[in-house]
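Reader: Let us go through the terms used for this model. I will ask what stands behind each one.

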Amino acid sequence: MEHTIVLVVGCFAFLAVGSFVCVVIDRLPYRLDEPDEYGDIWGSRRWREVVHGKSRCSSCSAEIRPYDNVPVASWVVLRGRCRNCGADIGSFHPFVELAAPTAFVLALWSLGVTWLLVPVLWFIPVALAVAMIDLRTLIVPTAIVWPATAILAAGSVLAAGLTGEWGRLLVALIGVAVVAGPLFAIWFVVPAGMGFGDVRLAVSVGWLVGFYGGTRPMAAVALGVITLLAASVLGLLIGLVALGLRGRKAQVPFGPGFVLAGFTVALLAQQILDPWDLYA
């Protein structure tokens, strides 16, 4: 009964979370008049600009009515178009709104009702926002990654304290070194080969997979390597799709595959590590 209540309440809560993530995806990035000093053509608005004000159509600026702002259902009823001007509403809206509760269910199924859920539940909206913004703009916003990483670390400290598994924090730090270290080296040697946003994101992903590796340092090494390999494979697949949709000169976003790999490895950490007797 307890698990059922958590499941139902959590699904509704994450539907709302997914809707808010769509607001962030829509509002946070904005196109610059000219490339900045790093060559980026997109910038990030301040958070107060993102969270304040009512939702409006990005084409005609008409205010979105409450009954047109119901997760998933409104997009279906409106057939993905603004009621006022008929402009397309991004198809990522229903995808993100459904992906958030789906990821919640997977996390609950994998970990059970435990304080250890705290870090990965926070990672879900962060991962969705980063993945979709990277797909649309080819940037991994610093405005999301650094604050999100700080909160992820704080949530991990809370979870470790409430469960008495303080060793997870050391393993999380090792995860950061294993995952972010190689990407930083690649960026340092060949800056054009990787955006520094991906290096920042690696800190968050490395912390996540390390934390869920338990309390043995070697677990972070194993999970970190598997995460990098999985992210490379997923990045290749996403790249092939991008090349097919955008042409040969399409740039390939690394963020979506990276966060998906990190989330998957975190949830399956115990199953991955058990055959090597590394989980404790």
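Author: In H7, Arg168, Leu169, Val171, Ala172, Leu173, Gly175, Val176, Val179, Ala180, Leu183, Phe184 and Trp187 meet Phe196, Asp198, Val199, Ala202, Val203, Gly206, Trp207, Val209, Gly210 and Phe211 in H8. Contact means heavy atoms within 4.5 Å. The residues of this contact divide into 17 nonpolar, 3 polar and 2 charged. Ala, Val, Leu, Ile, Met, Phe, Trp, Tyr, Cys and Pro count as nonpolar, Asp, Glu, Lys and Arg as charged, the others, Gly among them, as polar. The model is predicted: local features need pLDDT of at least 70, side-chain atom pairs pLDDT 80 or more, while totals for chains, interfaces and linings use all residues. Residues are numbered from 1 along each chain as its sequence is written, and side-chain values use heavy atoms, without hydrogens and water.

Reader: Why are H7 and H8 called roughly antiparallel?

Author: The axes of H7 (residues 167–189) and H8 (residues 196–211) cross at roughly 155 degrees and come within 6 Å. Angles over 145 degrees count as roughly antiparallel, on a scale from 0 to 180 degrees between N-to-C directions. H7 and H8 are therefore roughly antiparallel.

Reader: What makes Ser74 count as buried?

Author: Its relative accessibility is 5%. Buried means under 20%, exposed over 50%, partly exposed in between (1.4 Å probe, protein chains only). So Ser74 counts as buried. Ser74 lies in helix H3 (residues 73–77). Beyond neighbours within four places in sequence, Ser74 is in contact with Tyr67, Asp68 and Asn69.

Reader: Why is Gly161 called partly exposed?

Author: Gly161 has a relative accessible area of 33%, so Gly161 is partly exposed. Gly161 belongs to helix H6 (residues 142–163).

Note on methods:
Helix = DSSP H or I, 4+ residues; strand = E, 2+ residues; numbered from the N terminus. Parallel < 35°, antiparallel > 145°, perpendicular 65-115°, else oblique.
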